[in-house]
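Please read them alongside the model.

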Amino acid sequence: MNLFDRVSEDIKKAMLAREKVRLEALRGAKKEFLEAKTAKGANGELTDENATKILVKMVKQRKESAKIYTDNNRPELAENELAEAAVLEEYLPKQLSADELEAELRAVIAETGAAGPRDMGKVMGVASKRLAGRAEGRAISETVKKLLNQ
């Protein structure tokens with residue numbers, strides 16, 4: 001079952017269980033999926049890879065919103081955003097630990113033949129594609145920078 005179908009099925013389950021936060025988060029995800037499916041050039045298709053990118057973006061947005069709400073002394077709104085982010089994260093691949101990320105990036109650096117900081121773009125291009133959904137872009141960038149400066 002692809003990601004789109006899983007989310008659709010889980011919407012039904014959330015409705016039956018009357019799980020308000022879960023339902024809202026999944027409906028938002030399905031809306032984004034449908035928009036991506038019907039976007040120009042999509043041919044009515046949504047691959048799991050594209051669905052994962054959408055979910056990563058949505059989780060990041062929720063976390064940023066929660067931070068803003070917390071900074072503005074609105075913890076009840078921040079709590080809701082974090083709860084929705086947690087629901088969406090269930091559909092993402094398991095996140096890499098710092099050690100696993102470093103090992104993956106060392107392999108990419110060896111594969112691309114990168115020698116120093118000026119080769120960062122080459123490494124980031126390959127690493128971003130390979131680790132999409134499994135690691136945050138900022139974490140990838142910081143680790144690559146650290147490894148190339150050694």
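Q: Where is the place of arginine 118?
A: This is a predicted model. Helix 5 covers residues 98-112 and helix 6 covers 120-130. Arginine 118 has its place in the loop between helix 5 and helix 6.

Q: Is arginine 118 buried or exposed?
A: The relative accessible area of arginine 118 is 75%. Exposed requires over 50%, so arginine 118 counts as exposed.

Q: What separates the C-alpha atoms of arginine 118 and leucine 148?
A: Along the chain, arginine 118 and leucine 148 are 30 residues apart. Their C-alpha atoms are separated by 8.6 Å.

Q: How many salt bridges does a search of the whole structure find?
A: A salt bridge needs a side-chain nitrogen of Lys or Arg within 4 Å of a carboxyl oxygen of Asp or Glu. With the whole structure searched, the number of salt bridges is 18.

Q: Which helix holds lysine 146, the salt-bridge partner of glutamate 102?
A: The side chains of glutamate 102 and lysine 146 meet at 3.2 Å, N to O. The pair links distant parts of the chain, 44 residues apart, with glutamate 102 in helix 5. Lysine 146 lies in helix 7.

Methods: Residues numbered from 1 in each chain as written. Predicted model: local features only at pLDDT ≥ 70, side-chain atom pairs only at ≥ 80, totals over all residues. Heavy atoms only, no water. Helix = DSSP H or I, 4+ residues; strand = E, 2+ residues; numbered from the N terminus. Buried < 20%, exposed > 50% of the residue type's maximum accessible area, 1.4 Å probe, protein only.
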